[in-house]
Amino acid sequence: MFEQSGLFYSTAPPMRNKEKLTVFEHAYLGKKDAEFGDCMRNYFDENTIEDFWKEKLGRFEVGMYGFDSLFNKYMTMGFDLEKFCGYVKLQDKDGNDQHGKFIKRVMDAKLHIKDKNCADMLEIDPEAEQIKIDREDAFSSDEKMEEAIDQDASEVFQWVMDKNIENLQKMQEEYDIIDFKNLKFYEDGDTIRPGLEKSLGKSRKFLDSILDEETFTELMAKDALARCRWIVEQNRHILIREKDWEKIFTDIEEHKESFGRYYSIQRAKMDSDEIVDMGAALMINDKLYEYSKVLADQISEDLH
């Protein structure tokens, strides 16, 4: 239907290497670990990879939603921490220094990093007087954490990484799904990490509210082909398989009301990898979409 209608065609010029790398990274559906990182490093030159990460990090200030996830992805693929420190914006839009805030965000990331050393980046004087900080004491308050950062960042960094990896392992044992990228694998009865589950419910509640838009009403008055065209033309971020698109098109053709699901997702602002992962999962996984409605309704009940 869509090929005959001329929906799919391309007059775009050849892609640059950075664009090829971006497509490669987004389209790959397997585990993005050190082996995947090796593949990137083998097939793309250093300048291309640097431009790729600089562009990704250029959308974030330290502490913005999605920063931790991007850091996790970078390190899991086996890239260099020192270079990452060089990519990060260490001043906010008002010119305020972000070094301490950066270290705190890195500490919060659920990833164990071996043989790391941010001393040079943090400009910590190795000859400066150091105080001893008890491991448990460092987590007792924000003040203690600030003291730890100022006095012995490298050591506390190691402690927090160990603690976070331990907590991550416990979550993996307790819940079936603990991160955004695995939402697409949801099955009936699977348990989802509470924070992620709450985010899913709030997101579904927001998506449903989008259906009040006038554009949605106008599209619902048109035929299925026009609605399918709109979905394809609007999609900028979500990469899914051809068979998933076929299922979506069939769904829109045979069940008119289903268009609201895909319309709302395409109207959402995809400004982080987490939102893209959730959006893709809600588009292709019927069971997750149904469960997200249950979670959204629970939020509504809690407000009354």
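The following conversation goes through how several labels in this predicted model were assigned.

Colleague: What makes up the secondary structure of the protein chain?

Modeller: The protein chain comes to 15 helices and zero strands, and of its 304 residues 40% are buried.

Colleague: Why is Cys39 called partly exposed, and why is Cys228 called buried?

Modeller: Cys39 has a relative accessibility of 25%, and since buried means under 20% and exposed over 50%, Cys39 falls in between and is therefore partly exposed. Cys228 has 0% relative accessibility, which is under the 20% cut-off, so Cys228 counts as buried. As for disulfides, the structure holds zero.

Colleague: Which residues touch the most other members of the largest nonpolar core?

Modeller: In that core of 37 residues, Leu183, Ile252, Phe259 and Leu282 touch the most other members. Helices α9, α10, α11, α12, α13, α14 and α15 each supply at least two residues of this core, and the largest share, six residues, comes from α14. Not counting residues up to four places away in sequence, Ile252 touches Ala224, Arg227, Cys228, Ile231, Ser258, Phe259 and Tyr262. A second, separate core has 23 residues, including Phe36, Met77, Cys85 and Phe102.

Colleague: Why does Asp251 count as buried?

Modeller: Asp251 has a relative accessible area of 15%, and because the cut-off is under 20%, Asp251 is buried. Asp251 lies in helix α12 and touches Ser258, Arg261 and Tyr262, again not counting residues up to four places away in sequence.

Colleague: How many aromatic pairs does a search of the whole structure find, and why is the pair of Tyr186 and Tyr291 called stacked?

Modeller: The search finds 11 aromatic pairs. The ring centres of Tyr186 and Tyr291 are 5.3 Å apart, which is within the 6.5 Å needed for a pair, and their planes stand at 10°, which is under 30 degrees, so the pair is stacked. Because Tyr186 lies in the loop between α8 and α9 and Tyr291 in helix α15, the pair ties together parts that are 105 residues apart in sequence. Tyr186 is buried, with a relative accessible area of 5%.

Colleague: What makes the pair of Phe216 and Tyr263 tilted?

Modeller: Their planes are at 50°, and because under 30 degrees would count as stacked and over 60 as edge-to-face, the pair is tilted; the centre to centre distance is 5.2 Å. Phe216 in helix α10 and Tyr263 in helix α13 are 47 residues apart. Phe216 is buried at a relative accessible area of 11%, and Tyr263 is buried at 0%.

Note on methods:
Residues numbered from 1 in each chain as written. Predicted model: local features only at pLDDT ≥ 70, side-chain atom pairs only at ≥ 80, totals over all residues. Heavy atoms only, no water. Helix = DSSP H or I, 4+ residues; strand = E, 2+ residues; numbered from the N terminus. Buried < 20%, exposed > 50% of the residue type's maximum accessible area, 1.4 Å probe, protein only. Disulfide = S-S within 2.5 Å. Core = buried A, V, L, I, M, F, W, Y, C linked by side-chain atoms within 4.5 Å. Contact = heavy atoms within 4.5 Å. Phe/Tyr/Trp six-rings, centres within 6.5 Å; stacked < 30°, edge-to-face > 60°.
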